[in-house]
Amino acid sequence: MEHSVAASIFNKNEAKVNWHDKALWFVRHKRDLSVHTVKGWEQLRELGSAIKAHTLSNLDNYLVEFEENALKNGVQVHWAANGEEHNRIVHSILKAHQAKKVVKSKSMLTEECHLNPYLEVDNIEVIDTDLGERIVQLAKEPPSHIVLPAIHKNKEEVDELFQEHLGTKPCNGDPQYLTNEARKHLREKFIEADAAITGVNFAIAETGGLVVCTNEGNADMGAHLAPVHIACMGVEKLIPKQEHLGVFLRLLARSATGQPITTYSSHFKKPREGAKMHIVIVDNGRAEQLSRPDFRASLHCIRCGACMNTCPIYRRSGGHSYNATIPGPIGSILSPGKDLKKYSSLPFASTLCGSCSDVCPVKIDIHKQLYKWRQIITKETPQPAMKKMSMKFMGRMFSNPKQYQKIGRAGRWALRNLPKGLINARPNVWGKERDLPKGPKESFDDWYKKRNKNGK
Amino acid sequence: MIGIKKEIKMGSRDSILANIKRNKPDLLPLPEINLEQFEDSLDLVEEFTKKVEIVGGNVFNLASKDEVLKQVKALFPDTSHNYSTVEGTSGFNTISLEALQRPHDLNDLDVLVLESLVGVSENGAVWVSSNQLPVRVLPFITKHLVLVLNKSCLVPNLHHAYKALNGIDNDFGVFISGPSKTADIEQSLVIGAHGALSLSVFLIA
């Protein structure tokens with residue numbers, strides 16, 4: 001389904017869209033307040049970007065260094081070329097441990113690989129332990145945001161879900177009560193778990209260690225209780241040295257939610273006594289993205305979600321409208337690299353306002369990459385006849401100033417004089433859901449010339 | 001399309017590394033982190049206290065380590081499952097880690113008191129590592145967490161914190177900033193998700 005079609009479904013409930021829009025803008029606002037108190041914030045972003053660019057330019061060597069050190073730490077390292085191989089590896093580790101009950105903390109990579117359904121086929125229970133992820137798991141939905149997975153659900157919906165699945169009492173969506181009940185329910189799961197799966201925020205070549213960030217403590221509750229801990233990471237999670245964590249941990253939570261740091265930033269290096277630790281390193285299209293000079297900076301991403309919170313399209317269309325594991329602006333530059341046809345509408349789900357690039361903690365030029373994907377998609381995938389025609393027409397109009405002025409005059413006149421029904425007639429998609437402004441009497445060009453004539 | 005595809009058939013490790021090697025750009029420089037650009041000359045204790053409170057914790061100023069137990073008892077007078085690693089507080093302990101069969105048996109722990117050697121003013125984070133942590137799950141599974149820290153262990157920001165940690169070999173370590181929390185239900189902040197329900201930091205003069 002095209003993004004615009006899916007977005008129009010989300011837009012049917014106007015009150016909910018408005019709430020969604022405001023809630024995310026509020027998170028963006030908290031980000032602003034938080035970063036403005038950090039001296040040298042822009043230099044910090046520069047550093048984050050430059051460290052990531054350097055790491056990517058030496059990634060094969062850093063991966064080898066990381067593997068070597070992880071092995072020295074007593075951790076087993078596995079390599080997966082794609083999602084299928086990743087799932088097979090995780091499954092085989094679980095089988096070797098006879099693990100039937102698995103707790104998993106947030107990992108967009110395992111979402112990308114569709115790990116849960118793969119394991120469930122073999123009757124392995126996988127419980128997502130981040131509260132937001134547990135909510136969407138109970139609702140049999142994918143996360144709609146990478147940091148706030150259930151941001152599209154209101155508390156009444158959570159109330160109903162918990163009544164149905166956890167046997168809670170009706171509570172008018174009281175967040176305190178619902179969270180407490182989830183804590184009890186998931187505490188049981190932590191205690192029973194045979195294995196814990198976590199994502200990875202940063203993997204450090206120098207030490208072979210990895211860092212996992214959560215606010216809830218769910219990654220730690222899983223990993224420190226279960227006999228085996230499996231950490232799944234994309235190749236781009238590498239950073240060269242431990243000291244670089246100083247840069248990225250300062251950037252991450254402030255950009256994500258405005259917190260100065262997540263509650264827990266856990267540094268795993270060696271397995272605890274008597275337990276096993278595995279790391280699965282996954283490519284799944286990342287090496288290919290690295291080959292594209294225009295798009296390789298998308299691999300800098302540290303998954304803070306700031307570009308989603310600020311995006312006027314994301315806020316009003318919801319994460320599910322992107323129909324991709326990573327929604328929003330960053331997802332719209334990552335996804336076409338995986339499947340150009342399937343995701344061909346995503347780079348157009350943007351006003352190219354550039355707000356995403358402005359807030360990105362590692363300075364990915366997101367809006368420029370969206371524009372570049374558009375160039376490729378327009379050439380390589382079939383475009384609707386109406387769009388092709390109007391593009392040709394506009395191309396001609398803009399290349400001929402006289403004609404442009406003439407048509408501009410006619411357009412302004414029409415916007416002043418024609419009835420609304422005619423202006424907003426079906427072919428004009430700009431008239432959908434909104435009224436066009438009244439046409440001004442003079443063009444910018446007229447105004448500018450007049451202004452110059454009147455002395456400066 | 002653009003880009004280079006086609007994997008050469010090898011084990012996945014080698015093919016992944018070979019693809020990356022082929023596709024990566026020319027080597028770019030690794031920047032130095034110049035700490036001066038981040039110096040904000042704020043008062044360390046004041047800033048640390050403010051940040052711990054922002055993230056939902058409480059700071060108590062103590063004249064010496066001898067006051068730790070008194071303060072803990074004032075905060076948690078009626079708890080039955082207690083554990084402390086602070087020197088001279090073993091009378092407080094109601095559980096024995098030596099007798100512990102599996103970490104799961106800590107599920108009833110009410111109060112845990114741990115020592116730390118690094119606190120970070122800019123974000124209220126306190127470093128707890130396996131060197132001070134007999135069982136890793138302790139600070140997460142406990143209902144209430146108390147972290148004890150000398151004022152002289154405060155550093156302005158994470159860059160300084162990692163400098164202080166450099167060369168110290170930890171099998172596991174964690175920065176803890178406040179009690180566990182979530183805002184996953186309609187963005188309403190709820191303290192006490194899976195980890196500790198409360199966090200108190202004792203700053204020793």
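A salt bridge is taken here as a side-chain nitrogen of Lys or Arg within 4 Å of a carboxyl oxygen of Asp or Glu. The model is predicted, with local features needing pLDDT of at least 70 and side-chain atom pairs counted only at pLDDT 80 or more, while totals for chains, interfaces and linings use all residues. Residues are numbered from 1 along each chain as its sequence is written, chains are lettered from A and ligands numbered from 1 in the order in which they are written, and side-chain values use heavy atoms, leaving out hydrogens and water.

**Figure 1. The interface of chain A and chain B.** Contact (heavy atoms within 4.5 Å) joins 95 residues of chain A to 75 residues of chain B. About 7,300 Å² is buried between chain A and chain B, and carbon and sulfur atoms give 61% of this area. Buried area is the accessible area (1.4 Å probe) that two parts lose on being put together, summed over both. Seven salt bridges cross the interface, and 33 residue pairs, both at pLDDT 80 or more, are in polar contact between chain A and chain B. On the side of chain A that touches chain B, 46 residues are nonpolar, 25 polar and 24 charged. In this division Ala, Val, Leu, Ile, Met, Phe, Trp, Tyr, Cys and Pro count as nonpolar, Asp, Glu, Lys and Arg as charged, and the others, Gly among them, as polar. A polar contact is a pair of N or O atoms within 3.5 Å; within protein, one must be able to donate a hydrogen and the other to accept it, and residues adjacent in sequence count only if both atoms are side-chain atoms.

Figure 2. The side chains of A:R45 and A:E42 form a salt bridge with an N to O distance of 2.7 Å. Both residues belong to helix α3 (residues 41-57) of chain A, where they are three residues apart and so separated by about one helical turn. Helices (H or I, at least four residues) and strands (E, at least two) are DSSP runs, numbered from the N terminus. A:R45 is buried at 5% relative accessibility, whereas A:E42 is partly exposed at 42%. Buried means under 20% relative accessible area, exposed over 50%, and partly exposed in between (1.4 Å probe, protein chains only).

**Figure 3. A salt bridge between A:K270 and B:D169.** A:K270 lies in the loop between β9 (264-268) and β10 (276-282) of chain A and B:D169 in the loop between α5 (158-165) and β8 (172-176) of chain B, so the pair joins two chains. Their side chains meet at 4.0 Å, N to O. A:K270 is partly exposed, with a relative accessible area of 25%, and B:D169 is partly exposed at 46%.

**Figure 4. A salt bridge between B:D110 and B:K143.** The side chains of B:D110 and B:K143 are 3.5 Å apart, N to O, in a salt bridge. This pair links distant parts of the chain, 33 residues apart: B:D110 is in the loop between β2 (82-84) and β3 (111-115) of chain B, and B:K143 is in the loop between α4 (138-141) and β6 (144-150) of chain B. B:D110 is buried at 13% relative accessibility; B:K143 is partly exposed at 28%.

**Figure 5. Nonpolar cores.** A nonpolar core is a set of buried Ala, Val, Leu, Ile, Met, Phe, Trp, Tyr and Cys residues joined through side-chain atoms within 4.5 Å. The largest has 70 residues, and A:L63, A:L238, A:I281 and B:F48 have the most contacts inside it. Helix α4 (residues 59-72) of chain A gives the most to this core, with five residues. Beyond four places in sequence, A:I281 is in contact with residues including A:L63, A:F66, A:W79 and A:M233. A second, separate core of 69 residues includes A:V147, A:V211, A:Y322 and B:F38.

**Figure 6. Helix α16 of chain A.** Ten of the eleven residues of helix α16 (residues 328-338) are buried, so the helix is largely enclosed by the rest of the structure. Its buried residues pack against α13 (286-290), α14 (306-310), α15 (312-317), α17 (355-359) and α18 (366-380) of chain A.

**Figure 7. Surroundings of B:G195.** B:G195 is in the loop between β10 (190-191) and β11 (198-204) of chain B and is buried at 0% relative accessibility. Not counting residues up to four places away in sequence, B:G195 touches A:R183, A:E216, A:Y264, B:F140, B:T142 and B:S180.
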